Amino acid sequence: MRVAQIYTALTPLILAREILAQNYTNVTTSAVPSSTTVNGTAVANPSAFVTNLQLSVEDLWDFFVGPVDTANTTTTIEATPVPSSSLIPPPFIGSYGFPPGRQVPLVTKNESWSFPKDFYLGVAGASFQIEGAARADGKGPSTWDVNMHRVPGFATDNSTGDITDNNYYMYKQDIARLSAMGINAYSFSIAWTRLFPFGTGPVNELGIAHYNDIIDTCIQYNITPMATLYHWDMPALLQNQYGGWLSEQIIGDFTEYARIAYSRFGDRVKHWFTINEPIVICTSQYPMPAGYWRNFSIPNVEQPFVCGRNILLAHAEAYRLGKSIIPDSSITFKNNGGYKVPLTNSSADAEAVQRAWDFNEGWFADPVYLTGDWPSTVNDHVSSFLPPFTSQQKQLILGSADFFAHDAYTAQFYMAPDAGIESCVANASNPLYPSCANSSYTYGPAQGSWIIGPAADSHSPWLHRATDWFPAFMSYINTTWPSPHIQITEFGFAEPFESSKTLLQDILWDPIRTSYYHDYMEAILISLSEGIKITAALAWSFVDNLEWNSGFSVRFGLQYVNFTDPALERHYKASFFEYTNMYQTYVEK
Ligand code: GBH
């Protein structure tokens with residue numbers, strides 16, 4: 001038996017022991033009216049009995065998660081200056097390592113390209129993926145803490161977020177290392193469960209103090225802090241009480257959380273993202289693993305859309321509230337998805353591409369940037385089980401963003417299903433239903449069936465270096481969902497086989513990721529030269545981290561971390577130097 005399974009079996013005993021140990025004297029129990037019958041006689045139904053038992057944050061951990069691992073270092077580490085020997089770019093960055101006197105390939109700068117002076121050269125991370133310190137300082141458990149500990153195989157390598165990068169204690173050094181590389185913006189996420197251990201109710205001042213210091217440290221290093229309120233770490237209690245994003249109750253609780261974050265940090269943080277990638281939350285995090293959470297009997301196939309409805313409303317409420325608390329703020333949500341290329345120029349493939357946009361980006365972007373409502377294809381699908389938005393709700397949603405934020409990693413081909421779109425739309429058991437857009441990573445046979453670009457690590461099969469499509473992608477966003485400017489809030493690459501390399505210097509030379517950043521920065525420059533207002537590039541991620549269900553077996557970092565080394569020391573990879581080199585080469589002086 002795995003440790004997690006043993007623990008699941010033991011939990012009721014441990015909980016009972018804890019309760020006795022803490023001498024709960026005021027436990028009362030009652031039967032809410034509900035009856036069943038025994039031999040034809042009505043009796044109280046025991047499944048409706050309740051208790052007023054009070055649970056502390058620690059009880060919650062014992063109940064939901066059990067013991068967690070702790071890092072070697074559990075106090076905040078002061079930053080030490082980055083030694084200049086760590087800041088020497090590899091010989092192939094910015095020039096070529098040919099010996100003097102030889103012929104060298106032509107390396108020139110395109111003088112018609114530039115990054116504006118106020119362009120954000122940034123990096124991004126997310127609380128659950130980097131912080132660790134899972135039970136420290138009053139933090140409550142999130143759904144990710146629970147699932148990773150309890151659900152066998154939830155992460156392919158059985159990892160948890162207990163320690164990961166230990167950024168909760170190492171953030172000062174992390175920020176100093178970003179500054180030493182010339183980074184001027186840091187996009188981090190706040191763990192809801194650090195501010196509100198229960199998701200709602202009392203505010204944890206130790207959590208506030210932590211993010212206060214992250215923000216102050218950024219400012220000390222001239223790095224603009226950008227905060228995301230929700231990057232997937234749902235308070236476990238809210239998931240269990242009412243289903244998290246599946247209940248309208250989340251709107252009020254999320255808005256209260258946002259209110260505290262805005263009012264405590266808004267004097268220094270002006271850049272806010274309400275929610276990271278609602279598409280991913282609603283389509284791949286719901287339904288929650290069966291048997292671990294209270295079931296609210298919403299059919300599995302409806303859950304993504306129930307979630308989508310509540311997220312849109314919660315985002316819109318949080319946006320309006322943010323603008324009232326921090327008038328000089330810039331707020332939006334982070335949309336995501338790759339560029340969608342029609343496989344052929346047939347009208348059926350064009351329709352499939354449109355449906356793919358509708359059921360991905362358009363699902364959230366159309367309501368916020370265009371109409372206050374979903375695309376008609378999505379509405380056609382949900383109208384049988386969801387109430388339409390009222391005109392008040394539409395007004396609330398429409399315009400609830402100051403700019404367009406996109407996590408734009410890659411591109412993919414789309415085409416109509418073999419049996420046609422219509423027959424798929426009429427058949428709910430078709431695996432492509434309801435979008436009914438088929439997809440592929442390879443060109444069609446007429447183009448030789450080549451892949452769209454070099455593949456990333458096999459644990460991230462969705463990701464290819466397909467940066468050539470980026471300028472078309474940006475002009476699509478610019479014309480489809482007009483907004484004052486666009487930020488690339490995440491982009492990055494998982495170097496193939498990186499986690500099977502053993503030699504440090506070998507790991508640090510990451511050729512495909514390096515070329516990804518090179519080409520991506522050129523693509524942004526092309527978009528800028530076409531007049532598209534892109535104001536930020538935020539690379540994912542500044543350090544190797546916990547890649548959700550792929551655990552630590554896939555790496556997105558611009559810095560390497562050996563997770564078996566208790567010091568969790570960071571090392572710059574070649575790609576980091578290429579990223580900043582491209583910016584330095586092209587930023588207006
Ligand atoms: C980002 O999402 C996340 O915001 C970030 O936390 C994460 O670490 C980073 O990506 C790197 O993955 O495997 O075919 O089912 C990027 C968008 C959407 C990409 C879900 C992967 C799964 C596709 N992600 N998608 S598939």
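Start with the hairpin of E2 and E3: there are 2 residues between the strands, and Asn39 has a positive phi near 50°. Strand E2 covers residues 35–38, strand E3 covers residues 41–44, and they pair in the antiparallel sense over 4 bridges. Val38 faces Thr41 of E3. Strands here are DSSP runs of E, at least two residues, and helices are runs of H or I, at least four residues, numbered from the N terminus. Two strands pair if DSSP finds at least two bridges between them.

A word on the source. This is a predicted model, in which local features need pLDDT of at least 70 and side-chain atom pairs count only at pLDDT 80 or more, while totals for chains, interfaces and linings use all residues. Residues are numbered from 1 along each chain as its sequence is written, and side-chain values use heavy atoms, with hydrogens and water left out.

Now the ligand. Which residues come nearest? Of the 14 residues around the ligand, they are Gln129, His231, Glu277, Glu547 and Trp548; near means that a heavy atom of the residue lies within 4 Å. The shell consists of 7 nonpolar, 4 polar and 3 charged residues. In that count Ala, Val, Leu, Ile, Met, Phe, Trp, Tyr, Cys and Pro are nonpolar, Asp, Glu, Lys and Arg are charged, and the others, Gly among them, are polar.

Gln129 has a polar side-chain atom 2.8 Å from a ligand oxygen atom. For His231, a side-chain N or O atom is 2.9 Å from an oxygen atom of the ligand. For Trp540, a polar side-chain atom is 3.1 Å from a ligand oxygen atom. The ligand taken alone exposes 590 Å², and the protein buries 71% of that, by the Shrake-Rupley method with a 1.4 Å probe.

Next, Asp407, in strand E11, residues 404–407. Is Asp407 buried or exposed? Asp407 is buried, at a relative accessible area of 1%. Buried means under 20%, exposed over 50%, and partly exposed in between, with a 1.4 Å probe and protein chains only. The Asp407 side chain makes a polar contact of 2.6 Å with the side chain of Thr489, and also reaches the backbone nitrogen of Glu490 at 3.2 Å. A polar contact is a pair of N or O atoms within 3.5 Å; within protein, one must be able to donate a hydrogen and the other to accept it, and residues adjacent in sequence count only if both atoms are side-chain atoms.

Last, Gln412 in strand E12, residues 411–415. Gln412 is buried too, with a relative accessible area of 16%.
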